[in-house]
Amino acid sequence: MAQIQPCPTASSFGADAPNAPEVLAWVAQIAELTQPDAIHWVSGSRAERDQLYAEMVADGTLIALNQDKRPGCYLARSAPSDVARVESRTFICSEREADAGPTNNWADPAQMRQTLRRKFRGCMRGRTMYVIPFSMGPLGGDISKLGIEITDSPYVVVSMGIMTRAGDAAMERIAAGEYWVPAVHSVGYPLRDEAGGVRLDLTWPCDDDKYITHFPQTREIWSYGSGYGGNALLGKKCYALRIASVLGRDEGWLAEHMLILRVTGPSGRRFHLAAAFPSACGKTNLAMLRPTIESWQVETIGDDIAWMRPGADGRLYAINPEAGFFGVAPGTSEQTNPTALAALDHDTIFTNVALTDDGDVWWEGLTDQPPAHLIDWRGQDWTPDSDQPAAHPNSRFTVRASQAASISPAWQDPAGVPLDVILFGGRRASNVPLISESYDWEHGVFVGATVSSEQTAAAEGAVGALRRDPFAMLPFCGYNMADYWAHWLKMGQRLGDQAPRIFQVNWFRKGAGGKFLWPGFGDNSRPIEWALRRVAGEVEADDAISGRLPRKGDLNVAGLDMTETALEALFALDPKAWAAEADLTEEYFAQFGDRLPAALVAQLAALRERISRCPVAVHSGRISRAKA
Ligand code: OXD
Ligand code: MN
C-alpha cells in the first residue's frame with residue numbers, strides 16, 4: 001500500500017455548520033471522541049465534489065483515468081485486506097440476544113459501546129471529519145428517510161454523493177426536525193498518536209480489527225476499520241437494510257434486498273415487480289434486462305434495495321432508496337449487461353479493477369481477449385500469463401442510477417410504484433423450476449423463507465447441501481429472522497387481495513450433462529412475461545408441488561433453440577427430491593424454536609401433503625389443473 005503526503009490544509013469548501021442544535025451536539029460529541037483536525041460539513045455541491053477528487057488524485061488516493069475516454073472517472077485500489085463486506089465482523093447489538101436471532105452475530109450493546117469507544121478514541125487525529133447529511137429515497141418522499149454519516153474518508157464522501165441524495169437539501173430537512181439516523185464511520189487509521197507522534201497516510205487506510213455494528217434499539221450505526229462498500233457507505237446495507245428492516249417492523253413497512261423493475265406489455269399496461277436474489281445471481285443484469293421478446297419494455301427503478309409501504313389505495317408501493325449502483329465489475333460486458341457498460345462511460349468510481357496502458361479500465365469478462373499488459377488491482381504488472389485475476393473478483397463500479405439508459409421516469413417518484421409481482425430467486429442446479437407461482441401470500445412467504453442456493457461444493461462432496469438465504473436477507477436482516485417472517489405474514493394480512501403475487505424463479509437449473517438449461521439474461525423476460533400474464537388473468541396454471549406452473553405452450557419460447565426435453569426438464573419436480581428438501585427445511589426451521597410462525601409450519605405440512613399426492617413415477621410434480 002502506497003504512502004501519501006499529508007494534505008497541508010483541511011478543506012475549506014464545504015457548507016456552513018447547520019442551525020440544528022441536536023446535530024451540532026452530536027457532531028461535537030463525536031469530534032471530542034475521535035479528535036479530527038477539522039470538520040467539513042458536506043454541501044453536496046459540484047465544486048465540493050471536484051475539489052475532493054482533485055485532492056484525492058493529488059495525494060494518490062485516486063487515479064484519474066484517461067479523461068478523453070472516461071471523463072469524470074477514477075480508480076481506487078483498496079488494501080488487499082479490505083476488499084468486501086465482512087459478515088463475520090458485522091454485529092447486531094440488540095438488548096437481548098434472542099432479538100438478533102440465530103442467523104445474526106449478536107453483541108451485547110453495553111460491551112460493544114465500550115469496545116467502540118476504545119477503537120474510536122482519537123481515531124481521526126490528523127484527518128478531516130466529514131459530516132454527510134443524506135436522504136434515502138427522493139427528498140421528502142412518503143417512504144424516504146434521512147440520515148447523517150460522519151466519516152474520515154473522502155472516498156466515502158464522494159461515493160455517498162453518488163449512492164444517496166447527499167448534501168444541503170437533506171440537512172435542511174434534518175434542521176427542520178425530520179427524523180434521521182446517525183451513522184459514524186472511521187477507517188481506523190489516525191495519523192497522529194496521543195503523544196503527538198505522526199505517521200504518513202496510506203492510499204487506502206484501514207484497520208484489520210473491524211467492527212460493523214448496528215444498535216436496533218437506538219437506531220444507530222457505528223463502523224470502524226474498513227473503507228469498502230457496504231462496510232463504509234453506511235446508507236446502503238447498514239441503514240437501508242439492517243436498521244430500516246427494524247424501522248419497517250415497528251412502523252408497518254418493508255425494507256428489502258430487492259431490485260425494482262417497470263415492465264410495459266404490448267397493450268401498454270404497466271407492471272411493477274420487485275425481486276430478491278442472493279448475491280452473485282445477476283441482480284444488476286436483471287435490473288437492466290433487455291427483453292428478447294417483442295413488444296415488452298423493461299425499465300430500471302432499482303438494482304439492490306426496495307423500501308415498500310402500503311399506499312392509501314391499499315396496494316404495496318416501492319421506492320429505490322438509493323441513488324446509484326455499486327455493482328460488481330467482473331462479468332459485466334457487452335453481452336451480459338450493455339446498459340450498465342454504457343453507463344460507466346463517464347463519472348464513475350472504479351474500485352479494484354485493472355488499469356490499461358492507456359489509462360482505461362479492464363476486468364475479467366469485459367472482453368474475450370485480455371489486453372497484453374495491465375496494472376492489476378494490487379498495482380502490479382499483469383499479463384495474460386499471470387495466475388491471478390487482474391481485477392479483484394469483488395471489484396466494483398459506483399455510478400449514478402440516472403446514467404443508465406434503462407432508468408425509468410418513475411425512479412424518482414416520491415410515492416413509489418405499485419407492485420404487481422414479487423420474485424424470489426436462488427441459484428439451484430436441481431429441483432426448483434424455472435418459474436412457479438405461489439398459492440397465496442403465506443405460501444409466498446414460505447418460499448421466500450426457504451430460498452437457497454446449492455453449495456458449489458460438489459467437489460467437496462457436499463452434494464445437495466443448501467445454503468439458505470431467506471428473502472436474500474441473511475446478512476442484512478437487523479433482527480430475528482423468524483420475527484421478520486412474522487412481519488411479512490402480518491403485512492400480507494394487511495394488504496389482503498391487493499397484495500402483489502409472489503413467484504419463484506430459478507435461472508440456474510442444470511441438465512443431466514451439467515449444462516445450464518436456460519439461456520438467462522434477456523431471455524429471463526420470458527418467465528417474467530408469464531408471471532405478468534398470470535397477473536393480467538390471461539393464462540391458467542397447473543398446481544404442482546412447489547407452486548403453480550405454466551401450462552404447456554404458455555411460456556413464450558418462440559425463437560429459442562430449446563428442445564421439448566430441455567423445457568420439460570426445466571419444470572420437472574421429483575417428489576422424492578422434494579421430500580428430502582422438506583426434511584432439510586424442517587431441520588432449518590428448528591433453529592428458530594418457538595419464534596417460527598405457525599403459518600410456516602402449516603406451509604411445510606401443506607408442501608408434504610402436495611408431495612404425497614404426486615405419483616413418484618411421473619416426475620412432473622404436477623398435481624391437477626388449477627382452478628384459476
Ligand atoms: C451487494 C451484496 O454488494 O448484496 O449488493 O453483496
Ligand atoms: Mn446487494
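Analyst: Happy to! The C-alpha centres of domain 1 and domain 2 lie 34 Å apart. An automatic or database domain assignment supplies the bounds: domain 1 covers 5–59 + 86–251, domain 2 covers 255–323 + 409–612, and domain 3 covers 325–403. This is a predicted model, in which local features need pLDDT of at least 70, side-chain atom pairs count only at pLDDT 80 or more, and totals for chains, interfaces and linings use all residues. Residues are numbered from 1 along each chain as its sequence is written, chains are lettered from A and ligands numbered from 1 in the order in which they are written, and side-chain values use heavy atoms, without hydrogens and water.

The contact (heavy atoms within 4.5 Å) draws 35 residues from domain 1 and 32 residues from domain 2. Between these domains about 3,000 Å² is buried, with carbon and sulfur atoms giving 56%; buried area is the accessible area (1.4 Å probe) that two parts lose on being put together, summed over both. In domain 1, Thr103, Ile143 and Leu241 lose the most area to domain 2, together 23% of what that side buries.

Turning to charges, there are 5 salt bridges between domain 1 and domain 2, each a side-chain nitrogen of Lys or Arg within 4 Å of a carboxyl oxygen of Asp or Glu. Arg595 also pairs with Asp99 in a salt bridge, where the closest N and O atoms are 2.8 Å apart.
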